[in-house]
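Hi there,

Here is the structure I promised to pass on. Please have a look at it first, and then read my notes below.

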Amino acid sequence: MKKYLVPVFLISIFFATSENAVAQEDADFRMEIGGGLGTSFYLGDLNSKFYHDVGPAVGVVWRYLFNPRRTFKTSLTYGGVKGESDVSHQFLPPDPHGIGTAEQPLVYSFSSHVVDFSAMYEVNFWPYGFYQDYLGYKRLTPFFQLGLGLTYMGASKKMTVNLPLGAGIKYRLARRLNVALDWMIHFTLSDDVDNLNAPMGIKGQGIKNKDSYQMTMVTLTYNFSPICPNCNKDR
């Protein structure tokens, strides 16, 4: 697990230092924290359909706001994943442990979870904030995000690196409150989310022929750490 923490730490330092150097002081807060609820599902050897066999997802989110367009985001998320072999659509070879004959397909199912920690760079489509008049912020904006993460796979009890990529839309409810619809796909570097490694005998490289999982969540976050506490006292 320690070897996976190094790239996550390095990418976090890179984004924090590079963006902090050019950060604008026109955002009213520097940080926000909160949580979210939603759904999750996995794509792999036992499922190729979007939003099929969905499970619950819950997580916590922390953001560092460089400026109204760019943020550094970390999240810790739990998501339920499950799947089963479908003999009517795909023939999987017999159980590698010898159960069944060559004419019988593999019958396999799992119901487990993933625990994900991701560090992401997030870009707002419009400058995001609460003060629309004299600062020109938008209370509603789409956003895009990408980064690097770690996944604990409950079915196989293994760790892997994942590459998160996603998009969403956020709205500033009040000066300190934000709500967002957040979609994220995590491409893992493992075929063990379902604890069924290469049942067709085809080994993959990188993210090819590897498992992935997706999470769709509604998050609520609270802004804190004012940039200029004295300037914000009369707001």
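**What I found**

The strands concerned, E4 (residues 109–124) and E5 (residues 140–153), pair in the antiparallel sense over 11 bridges. Two strands count as paired if DSSP finds at least two bridges between them. Helices (H or I, at least four residues) and strands (E, at least two) are DSSP runs numbered from the N terminus.

Some housekeeping before the rest: this is a predicted model, in which local features need pLDDT of at least 70 and side-chain atom pairs count only at pLDDT 80 or more, while totals for chains, interfaces and linings use all residues. Residues are numbered from 1 along each chain as its sequence is written, and side-chain values use heavy atoms, with hydrogens and water left out.

**The fold**

The chain has 1 helix and 8 strands, in the pattern α-β-β-β-β-β-β-β-β along the sequence. The 8 strands close into an antiparallel barrel in the order E1-E2-E3-E4-E5-E6-E7-E8. On average, neighbouring strands of this sheet are turned by 25° against each other, direction ignored; the axes are lines fitted to C-alpha atoms, for helices over the stretch in contact, and angles run from 0 to 180 degrees between N-to-C directions.

Of the 235 residues in the chain, 44% are buried (under 20% relative accessible area; exposed is over 50% and partly exposed in between, with a 1.4 Å probe and protein chains only). Among contacts (heavy atoms within 4.5 Å) with a separation of 6 or more, 68% are between residues 24 or more positions apart.

**The salt bridges**

The whole structure holds 6 salt bridges, each a side-chain nitrogen of Lys or Arg within 4 Å of a carboxyl oxygen of Asp or Glu. One of them joins Arg-63 to Glu-32, with the closest N and O atoms 2.8 Å apart. Arg-63 lies in strand E2 (residues 55–65) and Glu-32 in strand E1 (residues 29–43), so this pair ties together parts 31 residues apart in sequence. Arg-63 also forms a salt bridge with Glu-122, again with closest N and O atoms 2.8 Å apart. Because Glu-122 is in E4 and Arg-63 in E2, that pair ties together parts 59 residues apart. Both Glu-122 and Arg-63 are buried, and Glu-32 is buried too.

Lys-73 and Asp-182 meet in a salt bridge at 2.5 Å, N to O. The pair links E3 (residues 70–84) with E7 across 109 residues, and both partners are buried. Through shared partners, salt bridges join Glu-32, Arg-63, Lys-73, Glu-122, Lys-170 and Asp-182 into one network.

Is Ile-185 in strand E7 (residues 177–188) buried or exposed? Ile-185 counts as buried because its relative accessibility is 9%. Leaving aside neighbours within four places in sequence, its contacts are Leu-163, Pro-164, Leu-165, Ser-212, Tyr-213 and Gln-214.

Leu-181, also in E7, counts as partly exposed because its relative accessibility is 44%. Leu-181 is one of the residues that make a nonpolar surface patch of about 850 Å². E8 (212–226) gives the most to this patch, with 3 residues.

Enjoy exploring!

Definitions and conventions:
Patches are made of residues with over 30% relative accessible area and no salt bridge: like charges are joined within 9 Å, nonpolar side chains (Val, Leu, Ile, Met, Phe, Trp, Tyr) within 5 Å. Accessible areas come from the Shrake-Rupley method with a 1.4 Å probe; for residues, only the protein chains shown count as cover.
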